[in-house]
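Subject: Structure handover and notes

Hello,

Here is the structure you will be working with. Please open it before reading on, and keep it in view while you go through my notes.

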Amino acid sequence: MLLYIHIPFCDSKCGYCAFFSQVHKETMVEPYFQALLRDIQYTLAYFQVRCITSIFVGGGTPNFVNSKYYVPIFALLAPFCTKDCEITFEINPNLLHETWLSEIKTLGLNRLSIGVQSFYADKLQMLERVHVPKDIFKAFDTAQKYIDNISLDLIYDCVLDTNERIYYELESALKLPINHLSAYSLSIDAHSRFGDRQDYGLQAKESFGDVVRDFLHKHNFKQYEVSNFAYTNKCKHNLGYWKGAEYLGVGASAVGRVGCMRYFAPASLEQYIAYPLWRKEEHLSQDDLVFESVFMGLRSEVGVAKTLLKADKLEYVCEQNLCYEQNGRIYATDFFLADSLALYLT
């Protein structure tokens, strides 16, 4: 079973961020973690969880929170974790401190995802990030003392981007001790501050996705999902999602899916703390599950069972070299076209 833990606290809110997170809520950290512990206890019992293969702690900014709050959480989870359980924490570079990291490492942390986003000061400022380039290098100096499995996040398709600037960003990333890189095209979500202001002029007119992919391929980082590239260590947690595995979500605004039921926790700190076991449920049909497996499979190396796709349309896309077949499964030739292919083939 996969487990996602949502930590909704931040020191600042980035303009592009549409995830549920809050600033200036330090007084709610302790009651939140008390509610989170209740949530986890109930969720494990309700779904009769026997083992957990990966844990992803995201946000928000998990390293905004004092490490002491994670101790009872991982004491509870430890008996359920497999020996090779992947335990990832998302972190922001400016808030990474050696004491925090060493203490979290004792709880089982074995993977970091560091939100770099850019190596340019002007781009970081445009994205409304609070760290500066020197914070990135300091964070990696600290991280590599404790963790070998490190991923780095970048954002591209900003109006400031050019081919030359993209090359610099990627070259800078590959000089750091990483074995995984996530590169996300900037999107303006309606629920983000950029979306509220309708700042669509922040996006590049044409995508640099091919530039990013081709550069990373030349440097032995394989694209195994539309936004993810691995040199050695693919993210087991995310691969589980793309394979259609069941997953549990705990924490405010968290989402989980077990069988044909998807559930949603309250997207409010106050409501979650008061009612940590409340869930809104959505019952999925077999067609819903099939479409999700097609959608997720085509955007990754997982692929899709041939029998799930319309035969006449599949023949056409294979003739056009947009997809190919291998061992009874269909794979997209270009992951960037996956969404359009999924809609066309179902």
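Below are my notes on what was found, grouped by topic. Please keep in mind that this is a predicted model.

**Asp157**

I begin with one residue that comes up in several ways. Asp157 sits in the loop between strand 7 (150–156) and helix 6 (163–174). Is Asp157 buried or exposed? Its relative accessibility is 5%, and the limit for buried is under 20%, so Asp157 counts as buried. Asp157 has no salt bridge even so, and Lys123, the nearest side chain of opposite charge, is 8.3 Å away.

What does the side chain of Asp157 reach instead? It makes a polar contact with the side chain of Ser207 at 2.8 Å, and it comes to 2.6 Å from the backbone nitrogen of Phe208. Leaving aside residues up to four places away in sequence, Asp157 touches several others, including Ser185, Leu202, Glu206 and Gly209. The backbone of Asp157 also deserves a look: its phi is near 75°, a positive value in a residue other than glycine.

**Other backbone features**

Gln48 is not a glycine either, yet its phi is positive, about 50°. Gln48 lies in the loop between helix 1 and strand 4. With 55% relative accessibility, Gln48 counts as exposed.

Asn220, which follows helix 8, has a positive phi near 65°.

Between Gly59 and Gly60 there is a cis peptide bond, with omega about 20°. Gly60 is in the loop between strand 4 (52–59) and helix 2 (71–77).

**Helix 8**

Which residues of helix 8 (residues 209–218) are buried? They are Gly209, Val211, Val212, Arg213, Phe215 and Leu216. These buried residues pack against strand 7, helix 6, strand 8 (180–185), strand 9 (222–225) and strand 10 (228–230). As background, an α-helix has 3.6 residues a turn, so residues three or four places apart point the same way.

**Salt bridges**

Side chains of opposite charge can pair when their charged atoms come close. How many salt bridges are there in the whole structure? The search finds 16.

One of them is in helix 8, where the side chains of Arg213 and Asp214 meet at 3.2 Å, N to O. Arg213 is buried, with a relative accessible area of 15%, whereas Asp214 is partly exposed at 38%.

Arg262 takes part in two of the bridges described here. In one, its side chain meets that of Glu282 at 3.3 Å, N to O. Arg262 is in strand 13 (residues 261–264) and Glu282 in strand 14 (residues 280–283), so this pair ties together parts that are 20 residues apart in sequence. Arg262 counts as buried at 12% relative accessibility, while Glu282 is partly exposed at 32%.

In the other, Arg262 pairs with Glu292, and the closest N and O atoms are 2.2 Å apart. This pair links distant parts of the chain, with Glu292 in helix 11 (residues 286–298) and Arg262 in strand 13, 30 residues apart. Glu292 is partly exposed, with a relative accessible area of 26%.

Salt bridges that share partners also join Asp210, Arg213, Asp214 and Asp334 into one network.

**Aromatic rings**

A pair of aromatic rings is described by the distance of the centres and the angle of the planes. The structure holds 21 aromatic pairs. In the pair of Tyr32 and Tyr272, the ring centres are 5.2 Å apart and the planes are at 40°, so the pair is tilted. Tyr32 belongs to helix 1 (residues 29–46) and Tyr272 to helix 10 (residues 269–274), so the pair ties together parts that are 240 residues apart in sequence. Tyr32 is buried, with a relative accessible area of 0%, and Tyr272 is buried with a relative accessible area of 0% as well.

Both tyrosines belong to a cluster linked by ring pairs, along with Phe9, Phe33, Tyr69, Tyr70, Phe74, Phe89 and Trp100.

Charged side chains also meet rings. The charged end of Arg165 sits over the ring of Tyr120, 3.8 Å from its centre. Lys313 lies over the face of Tyr344, at 4.8 Å from the ring centre.

Regards

Definitions and conventions: Residues numbered from 1 in each chain as written. Predicted model: local features only at pLDDT ≥ 70, side-chain atom pairs only at ≥ 80, totals over all residues. Heavy atoms only, no water. Helix = DSSP H or I, 4+ residues; strand = E, 2+ residues; numbered from the N terminus. Buried < 20%, exposed > 50% of the residue type's maximum accessible area, 1.4 Å probe, protein only. Lys, Arg positive; Asp, Glu negative; His and termini not counted. Salt bridge = Lys/Arg side-chain N within 4 Å of Asp/Glu carboxyl O. Polar contact = N/O pair within 3.5 Å; in protein donor to acceptor, adjacent residues only side chain to side chain. Contact = heavy atoms within 4.5 Å. Phe/Tyr/Trp six-rings, centres within 6.5 Å; stacked < 30°, edge-to-face > 60°. Lys NZ or Arg CZ within 6 Å of the ring centre and 35° of its normal.
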